[in-house]
Amino acid sequence: MNMDSDSVDSDSAAKGADEPDWLVDDPLEKADAAAEPASAAPWRVLIVDDDVDVHVVTKFALSQASFQGRRLSFLHAYSGAEALALLRSTPDIAVVLLDVIMETQDAGLQVARQVREELHNSAVRIILRTGQPGQALEHRIIIDYDINDFWCKTDLTTRKLFTTVIASLRTYASLREAQQQVASLAAALAQCGEAPPAPAGGTP
């Protein structure tokens, strides 16, 4: 099932924040909302986890975060299949907070592989999270899969989560800017190739 960001009310979020299973209650500096342009599109962050409480606590922890004057908008998936469907239909997702173990022991790893190899999405930042650090060798995962960060949920405090997500957004923004510049250059070169050739012998 998919849960829209509006389906979690503030009371549920507050309750989840008071009883975190893995996210340590660490003070979070609130960004200056007044500096945010009203027309700025939010950064899309996809939370992928089969535990509803993880969604609630993560969203609450990042609810006041902003980067470059843009707030965060949250999408939710509860399985690897749901995550891939959202990533196919929403190409501007900037960050994926991806659980490793969901419907299978390696569901998150398969999502990470398919995002890079089948969807050919090299820009989205993939942050793997696991509640069972002993279930796989972290070094092997980092080497074998094109991910951008790997965390044990018990180590990911509010401040560390904030720092990781903002750093990921900064990298994503830089990559998207570079991709747009390459696309513009390719379009300009294509137009030059379609221009009619100059008359032989030059201008009389």
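In what order do the 6 strands of the open sheet stand? The legends below take up this point and others. The model is predicted, with local features requiring pLDDT of at least 70, side-chain atom pairs counting only at pLDDT 80 or more, and totals for chains, interfaces and linings using all residues. Residues are numbered from 1 along each chain as its sequence is written, and side-chain values use heavy atoms, leaving out hydrogens and water.

**View 1. The open sheet.** The order is β2-β3-β1-β4-β5-β6, with mixed pairing. Because β2 (66-67) and β6 (149-152) each have a single partner strand, they stand at the edges, and one side of each is left without a neighbour in the sheet. Strands (E, at least two residues) and helices (H or I, at least four) are DSSP runs, numbered from the N terminus; two strands pair if DSSP finds at least two bridges between them.

**View 2. The pair β5 and β6.** Strand β5 (residues 125-130) pairs with β6 in the parallel sense over 4 bridges. Thr-130 stands opposite Cys-152 in β6.

**View 3. Two helices across the sheet.** α3 lies across β1 (43-48), β3 and β4 (93-99), at about 135 degrees to β3. Helix α4 (residues 107-117) lies across β4 and β5, at about 170 degrees to β5. Axes are lines fitted to C-alpha atoms, for helices over the stretch in contact (heavy atoms within 4.5 Å); angles run from 0 to 180 degrees between N-to-C directions.

**View 4. Tyr-78.** This residue is found in the loop between β3 (70-77) and α3 (80-89). Tyr-78 is buried, with a relative accessible area of 10%; buried means under 20%, with a 1.4 Å probe and protein chains only. The C-alpha atoms of Tyr-78 and Glu-103 are separated by 8.8 Å.

Key. Buried means under 20% relative accessible area, exposed over 50%, partly exposed in between (1.4 Å probe, protein chains only).
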